[in-house]
Amino acid sequence: MKKIFYVSLVAVLLSLGAAPLLAHHSFAAAYDTSKQITVKGTIVQVRLTNPHSWFFLDVKDEATGKTTRWSFEAGTPSGMIRNGYKASELKAGTVVTIRGCPAKDPTQNAGMLQQLTTENGKTYGMFGPQEGPGAR
């Protein structure tokens, strides 16, 4: 009888551990990976929180002068840090150009970051720097 109890307990615990894995989305579910967008704007916030990092930009429409907030999802914070990214590198006010895939819902002003380039030419990918000792 005890053996059945322990086997059942292990099965329940294993199934609870799998729930977060099922909740994690793929980038293809949220972003149109068949399209590319390029957005130039000013960093408002960089958020290095699990499960993915986020870059928030204010983007000014040159034609209308209207500023719109954009958000770009990147890789895991640990992956970015492992590849040499430092949270202090991109402060609020830094002008960047981001290339990526747009959200499937265009009203979201969001995308999946593929490449971020600063005005001085430093390039970051989804998981951090793409040049120098931290690059992969």
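A residue is called buried when its relative accessible area is under 20%, exposed when over 50%, and partly exposed in between (1.4 Å probe, protein chains only). The model is predicted, so local features need pLDDT of at least 70 and side-chain atom pairs count only at pLDDT 80 or more, whereas totals for chains, interfaces and linings use all residues. Residues are numbered from 1 along each chain as its sequence is written, and side-chain values use heavy atoms, with hydrogens and water left out.

Glu-73 is found in strand β3 (residues 67-73); strands (E, at least two residues) and helices (H or I, at least four) are DSSP runs numbered from the N terminus. Glu-73 is buried yet has no salt bridge, a salt bridge being a side-chain nitrogen of Lys or Arg within 4 Å of a carboxyl oxygen of Asp or Glu. The nearest side chain of opposite charge is Arg-47, 8.1 Å away; Lys and Arg count as positive and Asp and Glu as negative, while His and the chain ends are not counted. The Glu-73 side chain does make a polar contact with the side chain of His-52, at 2.5 Å (N or O atoms within 3.5 Å, one able to donate a hydrogen and the other to accept it within protein; residues adjacent in sequence count only if both atoms are side-chain atoms).

Three salt bridges are found in the whole structure. Asp-58 and Arg-69 are joined by one of them, with an N to O distance of 2.6 Å. Asp-58 lies in strand β2 and Arg-69 in strand β3, so this pair ties together parts that are eleven residues apart in sequence. Asp-58 is partly exposed at 25% relative accessibility, and Arg-69 is partly exposed at 46%. Another salt bridge links Lys-122 to Glu-89 (2.9 Å, N to O).

Four aromatic pairs are present (ring centres of Phe, Tyr or Trp, the latter by its six-membered ring, within 6.5 Å; planes under 30 degrees apart are stacked, over 60 edge-to-face, the rest tilted). Phe-55 and Tyr-85 pair edge-to-face, 6.3 Å centre to centre with 75° between the planes. Phe-55 belongs to strand β2 (residues 53-60) and Tyr-85 to the loop between α3 (77-82) and β4 (95-102), so the pair ties together parts 30 residues apart in sequence. Tyr-85 also pairs edge-to-face with Tyr-124, at 5.5 Å and 80°. Tyr-85 is buried at 2% relative accessibility, and Tyr-124 is buried at 4%. Phe-55, Tyr-85 and Tyr-124 form one aromatic cluster.
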